[in-house]
Amino acid sequence: MSDTTFAPSYGPVAIPVRELLPWAIFAGLMLMLMIYFVGAEEGATSLIRGTAVHEFVHDGRHLLGFPCH
Amino acid sequence: MVGKLLLRGMLVGLVAGILAFAFARVYGEPQVDKAIAFEEQQAQAAGQAPEPEMVSRATQAGIGLATGVLVYGAALGGLFSLVFAYAYGRLGSLGPRGTSALLALLGFLAVIVVPGLKYPANPPAVGNPETIAYRTELFFIMIVVSIAAMVAAVGLAQRLWTRLGAWNASIVAGLAFLVVFALVKAALPDINEVPENFSATVLWQFRVASLGIQLVLWTVVGLGFGAVAERVVAARDQRGPARRYA
């Protein structure tokens, strides 16, 4: 039937991996670093001297489920 | 395209963080306060001098908690958008909102619920400071294994899709995930550092509040990101109106 002949094909179009990869690597690392500072800095490992970061985000760390002191 | 999704993901995550902060303030903080009161009481009974407060409790429960939850929310939203950018168009014919909701459900199970069943959240006063490195290591191993098992299970479901149909393929993949979880749970060491006379009620309520915070975060990200991503991907998909999506 003529009304179905020109029906466009609908469907989600995947983003090519080569377009995604640079974002995934650089942004992915930055975002994981953010989670590291909230969840683990000055606990098991420490990039900054002291316990200021740990004490400041203390309650969030406990409530978000990370192991804390 | 990916940049647009990433920015929107982080903004949705920020909104999720604000709501999770409100939830944490109302349901989480009372439990933290009770746990700290217990800790101080124990220290006093043991004749130890009270720990000096480097950061006041008001700061920890206010701006400190807000910072932690908001940064975590934004990072979660951003990472979620990157996973979405890969999964979209690769999970059958699922549209943006369906993809987002499904990813949030699977992510919540793999990242929060399953690792939490093995190594649950603990309030202050629970946990020996000397074992923090060991506990942190096990906690992250559990999360990595759980995510890997979930990714494998989704791959398995897709493989079996045409042969078994959507429902049966998903059930088989779900069972495979459970078997892996049971084996890993048995293989990794248990940790129980709850003090002898710590209130069971406080521990339970703290853990429920902790799970609730994560539920708020993942629900808002899963439903909210789907709504904003729909507009971003619609142009690329060259579709008609949004309601045509599955």
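Chain B contains six helices and zero strands, where helices (H or I, at least four residues) and strands (E, at least two) are DSSP runs numbered from the N terminus, and its pattern along the sequence reads α-α-α-α-α-α. The model is a predicted one, in which local features need pLDDT of at least 70 and side-chain atom pairs count only at pLDDT 80 or more, while totals for chains, interfaces and linings use all residues. Residues are numbered from 1 along each chain as its sequence is written, and chains are lettered from A and ligands numbered from 1 in the order in which they are written.

The C-alpha trace of chain B spans about 70 × 40 × 25 Å along its principal axes. Of its 246 residues, 38% count as buried, a residue being buried if 20 or more other C-beta atoms, placed from the backbone, lie within 10 Å of its own, exposed if 12 or fewer do, and partly exposed in between. Among the contacts in chain B with a separation of 6 or more, 84% join residues 24 or more positions apart; two residues are in contact if their C-beta atoms, placed from the backbone, lie within 7 Å.

Two helix pairs within chain B can be followed in turn. Helix H1 (residues 2-45) of chain B packs against helix H6 (residues 200-237) of chain B at an angle of about 165°, with the axes 8 Å apart; axes are lines fitted to C-alpha atoms, for helices over the stretch in contact, and angles run from 0 to 180 degrees between N-to-C directions. That angle makes H1(B) roughly antiparallel to H6(B), given that angles under 35 degrees count as roughly parallel, over 145 as roughly antiparallel, 65 to 115 as roughly perpendicular and the rest as oblique. The contact of H1(B) with H6(B) has 22 nonpolar, eight polar and three charged residues, with Ala, Val, Leu, Ile, Met, Phe, Trp, Tyr, Cys and Pro counted as nonpolar, Asp, Glu, Lys and Arg as charged, and the others, Gly among them, as polar.

Helix H3 (residues 96-118) and helix H4 (residues 132-164) of chain B pack at about 140°, with their axes 9 Å apart, and H3(B) and H4(B) are therefore oblique to each other. Their crossing is right-handed. Residues of H3(B) in this contact include Leu106(B), Val111(B) and Lys118(B), and those of H4(B) include Phe139(B), Ile143(B) and Met150(B); the contact divides into eleven nonpolar, one polar and one charged residue.

The contact between the chains takes 33 residues from chain A and 51 residues from chain B. On the side of chain A, helix H2 (17-39), helix H3 (52-56) and helix H4 (58-63) each supply at least two residues, and H2(A) gives the most, with ten.

H2(A) packs against helix H2 (residues 57-87) of chain B at about 155°, with their axes 9 Å apart, and the two helices are therefore roughly antiparallel to each other, in a left-handed crossing. Among the residues that meet are Trp23(A), Gly28(A) and Leu31(A) in H2(A) and Tyr72(B), Gly78(B) and Leu82(B) in H2(B). This contact has 15 nonpolar, three polar and no charged residues.

Key
Left-handed = near helix turned anticlockwise from the far one by under 90°.
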